[in-house]
Amino acid sequence: MAGVPTPPGPGQVPPAHLRVTHQDREHVVEHVKTAYAEGRFDKLEFDERLERAMTARTHGDLMPIMTELYGSHAVPLVRPMPAPVRPQAPTDGAERLGASAAHLLAVFGFPVVGPLLLMLTAGKTSPYIRSHAVEALNFQLTLIGATILLPLTFVGIVLVPVIWVAGFVLSIVGGISALSHGAFRYPLTLRMVK
(Lines give C-alpha, C1' and ligand atoms only; values in the text may rest on other atoms or scores of the structure.)
Protein backbone atom coordinates (compact mmCIF):
# COMPACT_ATOMS: atom_id res chain seq x y z
CA MET A 1 0.00 0.00 0.00
CA ALA A 2 1.48 3.35 -1.05
CA GLY A 3 2.40 5.88 1.60
CA VAL A 4 2.51 3.40 4.52
CA PRO A 5 6.04 2.76 5.82
CA THR A 6 7.06 -0.85 6.23
CA PRO A 7 8.48 -1.82 9.62
CA PRO A 8 12.21 -2.56 9.67
CA GLY A 9 13.40 -6.15 9.71
CA PRO A 10 15.50 -7.60 12.54
CA GLY A 11 18.84 -5.82 12.87
CA GLN A 12 17.85 -2.96 10.53
CA VAL A 13 17.84 0.67 11.58
CA PRO A 14 14.24 1.99 11.68
CA PRO A 15 13.25 5.18 9.84
CA ALA A 16 14.20 8.38 11.64
CA HIS A 17 10.61 9.58 12.06
CA LEU A 18 9.41 6.53 14.06
CA ARG A 19 8.87 6.97 17.80
CA VAL A 20 11.31 5.24 20.13
CA THR A 21 10.47 2.81 22.91
CA HIS A 22 11.94 2.70 26.42
CA GLN A 23 14.00 -0.29 25.28
CA ASP A 24 15.47 1.74 22.39
CA ARG A 25 16.46 4.53 24.81
CA GLU A 26 17.99 2.07 27.27
CA HIS A 27 19.95 0.41 24.45
CA VAL A 28 21.57 3.74 23.53
CA VAL A 29 22.14 4.64 27.20
CA GLU A 30 24.08 1.37 27.67
CA HIS A 31 26.34 2.28 24.74
CA VAL A 32 26.88 5.78 26.18
CA LYS A 33 27.77 4.31 29.59
CA THR A 34 30.20 1.87 28.00
CA ALA A 35 31.91 4.61 25.99
CA TYR A 36 32.21 6.77 29.14
CA ALA A 37 33.68 3.85 31.10
CA GLU A 38 36.25 3.40 28.31
CA GLY A 39 37.24 7.07 28.74
CA ARG A 40 36.09 8.14 25.27
CA PHE A 41 34.64 11.40 26.64
CA ASP A 42 34.49 13.39 29.88
CA LYS A 43 31.70 13.72 32.47
CA LEU A 44 30.16 16.80 30.84
CA GLU A 45 29.96 15.05 27.45
CA PHE A 46 28.59 11.94 29.14
CA ASP A 47 25.82 13.91 30.88
CA GLU A 48 24.91 15.71 27.66
CA ARG A 49 24.63 12.46 25.65
CA LEU A 50 22.73 10.76 28.44
CA GLU A 51 20.24 13.64 28.57
CA ARG A 52 19.75 13.49 24.79
CA ALA A 53 19.24 9.73 24.85
CA MET A 54 16.74 9.80 27.71
CA THR A 55 14.65 12.60 26.17
CA ALA A 56 14.70 11.25 22.61
CA ARG A 57 11.30 10.97 20.96
CA THR A 58 12.21 9.51 17.55
CA HIS A 59 14.93 7.31 16.14
CA GLY A 60 16.22 10.42 14.39
CA ASP A 61 17.04 11.81 17.87
CA LEU A 62 19.01 8.69 18.84
CA MET A 63 20.91 8.13 15.58
CA PRO A 64 23.30 11.11 16.02
CA ILE A 65 24.36 9.81 19.44
CA MET A 66 25.20 6.39 18.02
CA THR A 67 26.99 8.03 15.07
CA GLU A 68 29.08 10.10 17.52
CA LEU A 69 30.07 6.90 19.31
CA TYR A 70 30.68 4.60 16.33
CA GLY A 71 30.88 6.77 13.22
CA SER A 72 29.00 5.81 10.09
CA HIS A 73 29.03 2.15 11.14
CA ALA A 74 26.69 2.77 14.08
CA VAL A 75 25.31 -0.17 16.01
CA PRO A 76 21.66 -0.75 14.99
CA LEU A 77 19.13 0.72 17.39
CA VAL A 78 16.88 -2.33 17.09
CA ARG A 79 18.31 -5.48 18.52
CA PRO A 80 17.03 -8.91 17.50
CA MET A 81 15.13 -10.59 20.32
CA PRO A 82 17.22 -13.29 22.03
CA ALA A 83 15.91 -16.81 21.97
CA PRO A 84 14.13 -17.74 25.19
CA VAL A 85 16.22 -19.74 27.62
CA ARG A 86 14.64 -23.06 28.38
CA PRO A 87 15.77 -24.95 31.45
CA GLN A 88 17.22 -28.33 30.66
CA ALA A 89 15.25 -31.13 32.26
CA PRO A 90 17.23 -33.73 34.18
CA THR A 91 17.78 -36.98 32.35
CA ASP A 92 17.78 -39.32 35.32
CA GLY A 93 17.05 -39.72 38.99
CA ALA A 94 20.69 -39.18 39.96
CA GLU A 95 20.58 -35.62 38.65
CA ARG A 96 17.36 -34.90 40.53
CA LEU A 97 18.86 -36.38 43.69
CA GLY A 98 22.03 -34.30 43.32
CA ALA A 99 20.03 -31.12 42.76
CA SER A 100 17.86 -31.91 45.77
CA ALA A 101 20.96 -32.51 47.90
CA ALA A 102 22.21 -29.02 47.03
CA HIS A 103 19.21 -27.61 48.91
CA LEU A 104 18.93 -30.20 51.67
CA LEU A 105 22.58 -30.21 52.75
CA ALA A 106 21.89 -26.89 54.48
CA VAL A 107 19.32 -28.64 56.67
CA PHE A 108 21.98 -31.16 57.72
CA GLY A 109 24.55 -28.54 58.74
CA PHE A 110 26.40 -27.79 55.49
CA PRO A 111 24.80 -24.50 54.40
CA VAL A 112 27.58 -23.16 52.16
CA VAL A 113 30.00 -26.04 51.76
CA GLY A 114 27.36 -28.51 50.50
CA PRO A 115 25.99 -26.48 47.57
CA LEU A 116 29.50 -25.23 46.73
CA LEU A 117 30.91 -28.76 46.48
CA LEU A 118 27.99 -29.92 44.34
CA MET A 119 28.37 -26.89 42.07
CA LEU A 120 32.11 -27.52 41.61
CA THR A 121 31.82 -31.28 41.10
CA ALA A 122 28.52 -32.58 39.71
CA GLY A 123 27.62 -29.13 38.41
CA LYS A 124 30.36 -29.41 35.78
CA THR A 125 28.57 -32.28 34.07
CA SER A 126 24.93 -31.48 34.86
CA PRO A 127 23.38 -28.07 34.16
CA TYR A 128 20.37 -29.12 36.27
CA ILE A 129 22.48 -29.79 39.37
CA ARG A 130 24.51 -26.63 38.77
CA SER A 131 21.43 -24.37 38.54
CA HIS A 132 20.02 -25.73 41.82
CA ALA A 133 23.42 -25.67 43.57
CA VAL A 134 24.01 -22.04 42.54
CA GLU A 135 20.54 -21.02 43.74
CA ALA A 136 21.03 -22.82 47.08
CA LEU A 137 24.52 -21.34 47.53
CA ASN A 138 23.28 -17.79 46.87
CA PHE A 139 20.44 -18.25 49.34
CA GLN A 140 22.73 -19.58 52.06
CA LEU A 141 25.21 -16.73 51.52
CA THR A 142 22.34 -14.22 51.76
CA LEU A 143 21.10 -15.93 54.93
CA ILE A 144 24.54 -15.77 56.56
CA GLY A 145 24.96 -12.13 55.52
CA ALA A 146 21.58 -11.27 57.05
CA THR A 147 22.52 -13.11 60.24
CA ILE A 148 25.66 -10.99 60.56
CA LEU A 149 24.07 -7.63 59.68
CA LEU A 150 20.60 -7.82 61.26
CA PRO A 151 21.73 -8.01 64.92
CA LEU A 152 23.04 -4.46 64.55
CA THR A 153 19.46 -3.32 65.22
CA PHE A 154 16.96 -4.36 67.87
CA VAL A 155 14.38 -5.40 65.29
CA GLY A 156 17.08 -7.41 63.53
CA ILE A 157 17.78 -9.40 66.70
CA VAL A 158 14.14 -10.45 66.76
CA LEU A 159 14.14 -11.29 63.04
CA VAL A 160 17.20 -13.57 62.97
CA PRO A 161 15.42 -16.67 64.40
CA VAL A 162 12.49 -16.07 62.05
CA ILE A 163 14.84 -15.89 59.08
CA TRP A 164 16.56 -19.13 60.05
CA VAL A 165 13.24 -20.97 60.42
CA ALA A 166 12.15 -19.63 57.02
CA GLY A 167 15.51 -20.68 55.57
CA PHE A 168 15.07 -24.19 56.95
CA VAL A 169 11.59 -24.49 55.44
CA LEU A 170 12.64 -23.02 52.09
CA SER A 171 15.59 -25.41 51.85
CA ILE A 172 13.20 -28.35 52.23
CA VAL A 173 10.83 -26.86 49.63
CA GLY A 174 13.78 -26.37 47.25
CA GLY A 175 14.89 -29.96 47.73
CA ILE A 176 11.39 -31.29 47.01
CA SER A 177 11.10 -29.01 43.97
CA ALA A 178 14.42 -30.32 42.59
CA LEU A 179 13.23 -33.91 43.02
CA SER A 180 10.10 -33.19 41.00
CA HIS A 181 11.90 -31.66 37.96
CA GLY A 182 11.05 -28.12 39.06
CA ALA A 183 13.07 -24.94 38.93
CA PHE A 184 13.15 -23.23 42.32
CA ARG A 185 13.99 -19.58 43.12
CA TYR A 186 14.46 -18.47 46.71
CA PRO A 187 12.78 -15.16 47.59
CA LEU A 188 14.79 -12.11 48.72
CA THR A 189 18.12 -13.62 47.63
CA LEU A 190 21.22 -11.77 46.49
CA ARG A 191 22.46 -13.74 43.50
CA MET A 192 26.21 -13.13 43.72
CA VAL A 193 27.30 -16.48 42.24
CA LYS A 194 26.32 -17.09 38.63
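What share of the contacts in the chain with a separation of 6 or more comes from residues 24 or more positions apart? In this predicted model, such residues account for 66% of those contacts.

Hi everyone, let me walk you through it. The chain has 7 helices and 0 strands, so the pattern along the sequence reads α-α-α-α-α-α-α. Of its 194 residues, 31% count as buried.

Let's start with helix H2, residues 43-54. H2 has 12 residues and spans 16 Å from its first C-alpha to its last, close to the 16 Å expected at 1.5 Å a residue.

Which residues of H2 are buried? They are Phe 46, Arg 49 and Ala 53. These three cover an arc of only 70° around the axis, which means they sit on the same side of H2. Helix H1 (22-37) and helix H3 (59-70) are among what covers them. Turn to the other side of H2, and you will find Leu 44 and Glu 51 exposed.

Now for a helix pair I'd like you to look at: H4, residues 93-104, and H6, residues 127-149. Their axes are 8 Å apart and the packing angle is about 5°, so H4 and H6 are roughly parallel to each other. On the H4 side, the residues that meet H6 include Ala 94, Gly 98, Ala 99 and Ala 102, along with Glu 95, Arg 96 and His 103. From H6, the partners are Tyr 128, Ile 129, His 132, Ala 133 and Ala 136.

Key: Residues numbered from 1 in each chain as written. Predicted model: local features only at pLDDT ≥ 70, side-chain atom pairs only at ≥ 80, totals over all residues. Heavy atoms only, no water. Helix = DSSP H or I, 4+ residues; strand = E, 2+ residues; numbered from the N terminus. Expected span 1.5 Å × (residues − 1). Buried < 20%, exposed > 50% of the residue type's maximum accessible area, 1.4 Å probe, protein only. Arc of directions from axis to C-beta. Contact = heavy atoms within 4.5 Å. Axes fitted to C-alpha atoms, helices over the stretch in contact; angles between N-to-C directions. Parallel < 35°, antiparallel > 145°, perpendicular 65-115°, else oblique.
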